[in-house]
Amino acid sequence: MPDATKTAAADGTAAAARHEFDAKARSQTSIILGRFVHHRLAMVSLAVLLLLAISSFVVPLFLKYNYADTTAGGYLKPGGGHILGTDQLGRDALAQLLRGTQFSLAIAFTVAISSTIVGVLIGAVAGYLKGIIDSSLMRLVDLFLIVPQIALTALLVHAFAPSWYVVAAVLALFNWMQIARITRGEALSLSAREFVEASRASGGGTWHIVFKHLIPNMIGTITVNATLSVSTAVLTEAALSFIGLGVQLPDTSLGLIVQDNYTQVLLRPWLFWGPFLAIVLISMTISFIGDGLRDAFDPRQTKVRA
Amino acid sequence: MFQYLIRRLLISIPILLIGSFLVFILVASAGDPLAGLRTKPGITAQQIQSLSAQLGLDHSILVRYWDWLTGFVRGDWGNSIALGEAQAPVFDTVSNALWVTMRLVIGAELIALVLGIAVGVFSAVRQYSIFDYLMTSVAFLMFSMPIACVAVVVKNYGIQFNELLLSLHLNRWLTTAGPPANGFGHNLGQVIVNYSGTFLLPTISLMTISFAAYSRFQRASMLETLNADYVRTARAKGLSQSRVIFRHAMRNALIPVSTLFALNIGAIIGGAIITERVFGWNGMGTVLVKAVSNYDPPTLMGWFAVTATIVVVFNLISDLLYGLLDPRIRLA
């Protein structure tokens, strides 16, 4: 009999332990997602950014004027169909603004995604293989870092067609060094860990280890940096288009709209502040989302925000 | 230390050589320097040919690079070939522009550094106070603003301020179109008024982003040192609060910011393009924009060589500073 009670008690504790274990067995993804969802500022920023992105595609469908219509006459005041008035050529300023937002977002996300892919690959391979490959890849990074990014971008965009994807590609070409340095550092420390050694001992090749072991373990750093590089790309593109060496018509961007309208800042402030506000909103919300992601991925962060 | 310096200098030479060669290829393949001439009426094919021989365009790229490099080292950077530049020597163009930009950038960066350190230290000491939250939001806002818009807004407020001064029967103070061509005036009062009026607006617009970066960096490193054991020891010894903060915590917290400062100066000399454009300063930015849009290879090469060298030199300074300020780091 004592035996039975003992087993029952043991069963009970085992069940309790199992139950406790069940309650804690959340996947890493859901923990991180949970932390991110509870980051209030990041969620508000995400909502604002999504709203901005969606409305830049949807609102033009309901506007009375197309972005290309020039029938109205230059510099009309807001009102009467033109919610933000018209610019010098008589194009509807709101339609222009929304179209610029579309292009700026497209450029920024293209730059962030492609430069992250290139940077992560180079950084992870350099950090894992070490030796001559590492030092030559890092000298390549130094090489790209010494020439002023905006100058070479201007030269290349001027040499090719100034369309939005050329600007995006060239910006990405000079934007991968930072993430490559960071991932190299992480790959160096990760490749000294036992699980990488175990994988190598059981015959895992370089690409297997890089893709299955190194990159999944750096996903937090990669995501945060990719997010932050979106906001850098928005600002760099705006600067480039402002000096007239970035995107050109028929494509457009927020920087180009600012350049078109900045002389009107006192007379017709709505023409200037619209694109200005759009740029600030995009880069600010993305910074906050990056901050929220950083907090969510940080394993030292155990505090749950209410 | 000395050995380290020599070794770093020796490493940077091949990097600069390879970099300049790649940029040379890029610049050479980015366009045709005689395109403007070819479409001009009354220019024969023979003239084009002799001109292209004169410019060395009929040689291979390696020969052209070697010619450029040997010329560059000897101080002969070639002449501008853009139409309307009157074959201005590149050396003069670039060095004048560099002087203009340096005057603007170094002052702005120094002011941003001092302000940034002060704000950073104060935010760290009073962490989570209203001041800290306010400065954090200001820094985030400054990071998110395109410098072009900041410059435009600052310029227009400057113009309005001038009009206010005029309406009060005073002279204009702020300059929004570059430094005065004929000096800053004769007596001291005039010089001070002209000098401050000329530099104030571009300095503000250059400062914003640097200031945000410095204050955030200083706050983070100050928080780290304030929580370090040796600061607790200093407090336990009974030192006064100001002595603990300024003598013990702040001095160590200055290390990361000072290296960031050296890196930033190198980068911003080529990056002040927007501010120079808006305020009409004929600095490095204006030279670059002109050289790109007129396609002027000699000027472009001179520009790239100078800025790349400056970046390399300031990177080196920042590494050396790190070793000097933090004796735990041995440079070998």
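Two residues are taken to be in contact if their C-beta atoms, placed from the backbone, lie within 7 Å. In this predicted model, and leaving aside neighbours within four places in sequence, Ala278(A) is in contact with Leu97(A), Thr101(A) and Leu254(A). Ala278(A) belongs to helix α13 of chain A, and, because 23 other C-beta atoms lie within 10 Å of its own, Ala278(A) is classed as buried. Between Ala278(A) and Leu52(A), which are separated by 226 residues in sequence, the C-alpha to C-alpha distance is 8.4 Å.

Chain B comprises 13 helices and zero strands, and the C-alpha trace of this chain extends over about 85 × 65 × 40 Å along its principal axes. Of the 332 residues in chain B, 37% are buried; among the contacts in this chain between residues at least 6 apart in sequence, 71% join residues at least 24 apart.

Within chain B, helix α7 runs over residues 147-167 and thus has 21 residues, with 30 Å between its first C-alpha and its last, close to the 30 Å expected at 1.5 Å a residue. The buried residues of α7(B) include Ile147(B), Ala148(B), Cys149(B), Val150(B), Ala151(B) and Val152(B), as well as Val154(B), Lys155(B) and Gly158(B). The packing partners of these buried residues come from both chains, namely α11 (219-242), α12 (254-261) and α13 (269-297) of chain A, together with α8 (188-226) and α11 (273-279) of chain B. Helix α13 of chain A is also the element in which Ala278(A) lies. After α7(B) comes His169(B), for which phi is positive, near 60°.

Definitions and conventions. Residues are numbered from 1 along each chain as its sequence is written. Chains are lettered from A and ligands numbered from 1 in the order in which they are written. This is a predicted model: local features need pLDDT of at least 70, side-chain atom pairs count only at pLDDT 80 or more; totals for chains, interfaces and linings use all residues. Helices (H or I, at least four residues) and strands (E, at least two) are DSSP runs, numbered from the N terminus. The expected span of a helix is 1.5 Å times one less than its number of residues. A residue is buried if 20 or more other C-beta atoms lie within 10 Å of its own, exposed if 12 or fewer, and partly exposed in between; C-beta atoms are placed from the backbone.
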